[in-house]
Amino acid sequence: MLDELTRELKATMGIYESDEEQVYGLLAEFSDPGALLHAAEAVRENGYSHFDTHSPFPIHGMDRAMGLGNSKVGFFSFGGAVTGLAVGYLLQWWTSAVDYPINISGKPFFAIEPSVPIMFELTILFGALGAVAGMLALNGLPRPYNPLFYSERFERVTDDAFFLHIAASDAKFDETDTANLLRKAGALNVELVQDDGSAETAPASSL
Amino acid sequence: MDNTTSQPTADQDHSAGHSHHESLVKGDLSFHDITEMVSRHTEKKTPLAWYVAFGLASSMAGLLLLSLAYQVWNGVGVWGNNQPVAWGWPIVNFVFWVGIGHAGTLISAILFLFRQKWRTSINRAAEAMTLFAVMCALIFPTFHVGRVWVIYWTLPIPNQMEMWPQFKSPLLWDVFAVSSYFIVSLVFWYVGLIPDLATIRDRSTTWLRKKVTGFFALGWTGANRHWRNYEKAYLLLAGLATPLVLSVHSVVSFDFAVSVIPGWHTTIFPPYFVAGAIFSGFAMVVTLMVVARKIYGLENVITMDVLEKMNIIILVTGTIVGFAYITEFFMAWYSQVEYEQYAFINRAFGPYAWAYWIMMTCNLISPQLFWFKKLRRSIPVMFALSIVVNIGMWFERFVITITSLHRDFLPSSWGYFEPTFIDVTTFIGSFGLFFTLFLLFLRFVPMVAMAEVKGVMPEADPHYYDEGDGRAAGTSVPFIQPAQEDPGRNEAGETRGGR
């Protein structure tokens, strides 16, 4: 049960488990963002959930095409901001009114007005750090090892190539059927990605 | 309307800003061209000219190191600071450098929130400039405290005095504001860099380069599940950096405005300082970009339209700053406070009148040339003016700091401030540090945000491919085409982006 949950949580980060034969999934290349968007729609409509698209830049409408909801990063950022505000308040109150109060012309040891700037700055600081930490956590980054890196074609994903990857961990995954689906959706090339990097990547026609 | 002749059915949401007559990227470049254009400067053999420039800049940075060492050894007395002008050049330089930094955040955060897509070509370099300018700025107050080895007393860390910092002081607010600003700017810059570092990683041919860039790229694969969180985090960072940047220069202005010195104690300071900061920062970005786009052949990305827009912002903020100068006179007159009135008359006609009129000429009058389209689209004019503006903005801080202090309430304590040789070498040296860091940036980091530039090209819009290419237009029916037998890479490249 817990394993199942962990697997699903990791799948939301794009981290999938390979099957017994070390198959990680099928990687298909598409010609442009439009083709990739339509392919993602087709893959989702065919009932897959462990799949992801890879592109050099974010593609508008892809979240909807893949059936992804809103990003949860905002909660992390909000949590950070509230923490920052509380730290800013408690730090100034505790140091100047509790730990070492200094009486200056009978003024109050702690007042909210002069404490606002530091509270404000710490709210922003922690909110920003929370956003980044949340982004990394939800994305499962840093992730130095990724079986997709075995694919030579995939090196162009950060340049000008568009890929769709269906993981072998998906319940509907089947080497032949899934490859056929990808080819029908207009893939220029489909290759099998092995987790151990052992297999030669197979061209579309031989699958 | 955004609809153009080439994409009549394009989704309007997505094509906003892609109007045909002002496309953001010129020269009919493909995605790969952008990658190539930017990445190759980090990959090619280092040109001789870079070494020459780097040698020059780092020698100047060495001068900074020597000046600071001399200052630490002998004490703050080696600077011109004295009574009545206890805040001399160090504070002038601090405000000057922090101000320059603000343009980077403005470009990366505020223009992002306003969906100004032209920012993508310059935001990376402008953010780098922010970081380096803030580093230069931090040097000055750090050494100005006199005992630099106990600078950590400004932070709430238990120390040998068993005392805490004075949280009611604007100077301490400054510590928090500027250091938060530095950290947030660094994080913002780095987050923006991740996809581009992955590009460099995937292109690298040597083992070491792959490992180093791979380490910093964090395993980025351009996954849409990642882009989704990434874009949200980027938006949040922009939303948080916007109030932050406005607050930082406001807090810097509190250093002056919270005191009771005539000429400092005014409520106009925060907005006036922020406008001045944007003004000087944009001028610095223009100075750097005009040179960099020429040397690195980036004219098609950092286009004349982008530079023109920056010059318009310089014109607007310069006029705001000039208006603030005049408002200060009005406030002094209207307040009917003798000391306040004297402070301003002394600024314009006293012993520092020369500095005041340099400031007025450079900041209020010279940017007005940008009303003329021809002038704001002329490279020599904008380059010269951007330098003039930064001279003017340095003098603004000089005028504010020095003239208010040199004659205060009691005529017996009046004096005239003069900088020393070490003041000058420290300031020149700070430019050395700035240019050293900037040259390292140009050499080792992709200087244009490739992923962002690609994202604003019309070809990045999935609906760009709906028409004329045999694809289904405006429906969710996926286009089905048979897989090609053995598609080569080049073939894939050619089908992309063709009109």
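**View 1. Helix H2 of chain A lies across strands E1, E2 and E3 of chain A.** Helix H2 (residues 33–45) of chain A runs at about 15 degrees to E3(A); axes are lines fitted to C-alpha atoms, for helices over the stretch in contact, with angles from 0 to 180 degrees between N-to-C directions. Helices (H or I, at least four residues) and strands (E, at least two) are DSSP runs, numbered from the N terminus. The model is predicted: local features need pLDDT of at least 70 and side-chain atom pairs count only at pLDDT 80 or more, whereas totals for chains, interfaces and linings use all residues. Residues are numbered from 1 along each chain as its sequence is written, chains are lettered from A and ligands numbered from 1 in the order in which they are written.

**View 2. Chain A contains an open sheet of 4 strands.** The strand order is E2-E3-E1-E4, with antiparallel pairing; two strands pair if DSSP finds at least two bridges between them. Strand E2 (51–54) and strand E4 (189–194) of chain A form the edges, each pairing on one side only. From one strand to the next, the twist averages 20 degrees. Strand E1 (residues 23–30) and strand E3 (residues 162–167) of chain A are joined in the antiparallel sense over 6 bridges. Gly25(A) stands opposite Ala167(A) in E3(A).

**View 3. Helices H4 and H5 of chain A cross at roughly 150 degrees.** The axes of helix H4 (residues 73–99) and helix H5 (residues 116–139) of chain A come within 6 Å. H4(A) and H5(A) are therefore roughly antiparallel to each other, the term for angles over 145 degrees. The crossing of H4(A) past H5(A) is right-handed, that is, the near helix is turned clockwise from the far one by less than a right angle. Their contact has 16 nonpolar, 11 polar and no charged residues. Ala, Val, Leu, Ile, Met, Phe, Trp, Tyr, Cys and Pro count as nonpolar, Asp, Glu, Lys and Arg as charged, and the others, Gly among them, as polar.

**View 4. Chain A is divided into two domains.** Domain 1 covers 22–56 + 160–206 and domain 2 covers 73–139, with bounds from an automatic or database domain assignment. The centres of the two domains of chain A, taken over C-alpha atoms, are separated by 47 Å.

**View 5. Chain B touches chain A through 68 of its residues.** Chain A contributes 77 residues to this contact, counted where C-beta atoms, placed from the backbone, lie within 7 Å. On the side of chain B, H8(B) gives the most, with 17 residues.

Technical notes:
Contact = placed C-beta atoms within 7 Å. Parallel < 35°, antiparallel > 145°, perpendicular 65-115°, else oblique.
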